[in-house]
Amino acid sequence: MIKDYIEYISLKRKELGGHAICPFAKRFLDKTVIIESQDLEKDAIKCLESDDRPMLWMIYGCPNKFNKEWLSFFCDKHKNKAKAKDLWLIWDHPDQVNKIGSVETNNKEYGILLIQPLTELNEYSDKLKKTNYYEFWDKKYYNSIVSDRQKDNGDC
């Protein structure tokens, strides 16, 4: 279940210096819109075109139908549209293993699209930079997530 994944990324871990994979996941759960989808593209476009601004849209569906190639293509294709609305697109998939230190961060069940307000996301990321949170990230992973996102927002 998607709730299990949210619990997983919210757990504080000694391997991460007492940080959770996503330190703000639980804090903003009431500002998160979770959508189980049969058509990720249609639902994601609806979110991108919406005037609503939850802290996160989490749209998930069948990992076979929405494989990592499809998810990556969707994010690349709609990156500029998202950026123009101050939004950030990122995806997750069971076949895309991501780690912070030795801890796997990816989910094991779904193709997931995440859509977040870019400016707010970078502000919370800046707060984490004042801790040792990012010390557990390898440079490549950090650059592919944080540096690229901030560069897209004109921060770097």
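Visitor: At 31% relative accessibility, does Glu41 count as buried, exposed or partly exposed?

Guide: This is a predicted model, and in it Glu41 counts as partly exposed because its relative accessibility is 31%, which lies between the limits of 20% for buried and 50% for exposed.

Visitor: With which residue does Glu41 form a salt bridge?

Guide: The general idea is that side chains of opposite charge can pair when their charged atoms come close. In this structure Glu41 forms a salt bridge with Lys77, and the closest N and O atoms are 3.8 Å apart, a separation that qualifies because the cut-off is 4 Å. The pair links distant parts of the chain, since Glu41 belongs to helix α2 (residues 40–49) and Lys77 to helix α3 (residues 68–84), 36 residues apart. Lys77, at 49% relative accessibility, is likewise counted as partly exposed.

Visitor: How many salt bridges does a search of the whole structure find?

Guide: The search finds five, and one of them joins the side chains of Glu49 and Lys81, with an N to O distance of 3.0 Å. Here too distant parts of the chain are linked, with Glu49 in helix α2 and Lys81 in helix α3, 32 residues apart. Glu49 is partly exposed at a relative accessible area of 48%, and Lys81 is partly exposed at 34%. Another salt bridge brings together the side chains of Glu104 and Lys108, at 2.2 Å from N to O; Glu104 is partly exposed at 25% relative accessibility, whereas Lys108 counts as exposed at 55%.

Visitor: Turning to pockets, how much space lies in the largest pocket, and which residues are closest to its centre?

Guide: The largest pocket holds about 1,200 Å³ of space; 47 residues line it, and the closest to its centre are Trp88, Ile90, Leu114, Gln116 and Ile145. Elements that each supply at least two lining residues include α1 (2–10), β4 (56–61) and β8 (111–117), while the largest share, seven residues, comes from α5. The lining divides into 32 nonpolar, eight polar and seven charged residues.

Note on methods
Residues are numbered from 1 along each chain as its sequence is written. This is a predicted model: local features need pLDDT of at least 70, side-chain atom pairs count only at pLDDT 80 or more; totals for chains, interfaces and linings use all residues. Side-chain values use heavy atoms; hydrogens and water are left out. Helices (H or I, at least four residues) and strands (E, at least two) are DSSP runs, numbered from the N terminus. Buried means under 20% relative accessible area, exposed over 50%, partly exposed in between (1.4 Å probe, protein chains only). On a 1 Å grid over the protein atoms alone, a cavity is a set of points where a 1.4 Å probe fits but cannot get out, and a pocket is an open set with protein on both sides within 12 Å along at least five of seven lines; lining residues have an atom within 4 Å of a point. Grid points are joined across faces, edges and corners, and a volume is the space filled by probe spheres set on the points. Ala, Val, Leu, Ile, Met, Phe, Trp, Tyr, Cys and Pro count as nonpolar, Asp, Glu, Lys and Arg as charged, and the others, Gly among them, as polar.
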